Amino acid sequence: MSQTAQLHVSFAGPLVTFQDGGRFGSLRFGVPASGPMDRLAHAAANSAIGNGAQATTIEVSRGGIDLDCVTGSVTLGIAGGDCIVDHRGSIEAGWTVITMRPGERVSVRAGEWGSWSYVAIAGGPVVSRWLGHSATHSMSGLGGGALVVGEKIDIAAARVESVRDGEIPVPDFARSTGRVRVVMGPQDHHFEDEAIVAFRESPYRVTDAFDRMGVRLAGAPLPLREVLSIPSEPIVRGSIQVAGDGVATVLLADHQTTGGYPKIATVVSADLDALTQLRAGDVVEFEPVEAAEAVSIARHCAAQIEEYLGTVVSPGRTMTHRLRAENLISGAVADHGSLD
């Protein structure tokens with residue numbers, strides 16, 4: 001049964017926004033698709049509480065968030081990185097489902113790894129939309145918007161899904177191994193030979209110049225053959241562009257729609273979610289693959305995710321949930337004959 005409920009934001013770190021899995025961006029308006037940085041974790045948090053995988057969540061950066069339940073009761077799904085969840089003084093590992101009652105607080109903080117977490121709300125929050133979606137473009141504020149201390153979040157069709165409370169299985173592919181597959185180009189021919197060798201063979205480190213637009217990498221410089229100014233052209237999530245200083249930047253969810261810096265390679269979409277969960281100091285090594293192989297990798301990853309979400313959406317997703325659903329003592333009290 002659905003009901004109304006309200007949550008109060010009592011603490012919010014930087015870069016806490018509403019996100020949905022849609023693509024509201026339009027090149028005609030110069031706005032990228034935006035959406036969750038880690039699309040897998042976003043979908044897992046939603047699926048675990050019975051929402052559609054693309055429904056609106058709260059995307060939480062490492063700064064964290066505190067939510068107080070003011071009225072009503074509602075179930076939350078939390079996934080992404082190795083976040084730490086404090087509910088009623090009980091500390092839970094991230095990737096969990098909890099049900100909040102009036103007067104209770106849930107705190108989400110960063111754990112040992114990961115940069116982004118997602119709080120899905122059973123029923124979904126009432127939020128602003130732009131071009132039909134609540135995904136927030138952080139630079140412009142278009143979409144659902146950023147959350148601030150003191151904000152009230154109304155849930156018009158709040159649901160209690162307490163049967164789902166408990167852990168959400170974490171798939172092996174949720175965390176990056178540091179090995180990132182890429183397709184070279186489209187402007188790799190404009191780089192010096194030593195730049196191509198360095199890109200293929202040298203480790204790079206994630207820097208703290210990291211936000212929803214992209215992340216700068218530290219490592220061997222990637223010099224161009226000559227001073228190059230290419231016509232501005234469309235850019236996709238995962239493009240690795242190199243400025244005149246030879247520093248590489250991986251473009252992420254809120255990337256600009258066009259740009260004139262040369263792109264040495266593009267990250268295979270299947271590796272992007274885990275890449276966004278890296279932190280400053282983490283090592284990245286690039287593994288070039290051919291375009292046809294990248295398509296095969298993407299299809300395999302999509303099948304893996306579909307199978308995983310199919311497991312997560314079930315209320316009996318773990319042994320604990322299955323045991324709760326069984327009448328384990330009925331055989332002991334029913335008349336099944338003598339035990340002699």
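## Before we start

Helices (H or I, at least four residues) and strands (E, at least two) are DSSP runs, numbered from the N terminus. This is a predicted model, where local features need pLDDT of at least 70, side-chain atom pairs count only at pLDDT 80 or more, and totals for chains, interfaces and linings use all residues. Residues are numbered from 1 along each chain as its sequence is written, and side-chain values use heavy atoms, with hydrogens and water left out.

## The largest pocket

A pocket here is an open set of points on a 1 Å grid over the protein atoms alone, where a 1.4 Å probe fits, with protein on both sides within 12 Å along at least five of seven lines; lining residues have an atom within 4 Å of a point. Grid points are joined across faces, edges and corners, and a volume is the space filled by probe spheres set on them.

The largest pocket has a volume of about 710 Å³. It is lined by 36 residues, and the closest to its centre are Ser269, Ala270, Asp273, Cys301 and Ile305. Helix 4 provides the largest share of this lining, 8 residues.

A nonpolar core is a set of buried (under 20% relative accessible area, 1.4 Å probe, protein chains only) Ala, Val, Leu, Ile, Met, Phe, Trp, Tyr and Cys residues joined through side-chain atoms within 4.5 Å. The largest has 48 residues, with Val182 and Ile240 among those with the most contacts inside it. Helix 1 gives the most to this core, 5 residues. A second, separate core of 27 residues includes Ile65 and Val106.

## Cysteines

Cys69 counts as buried because its relative accessibility is 3%. The structure holds 0 disulfides (pairs of cysteine sulfur atoms within 2.5 Å).

Key: Buried < 20%, exposed > 50% of the residue type's maximum accessible area, 1.4 Å probe, protein only.
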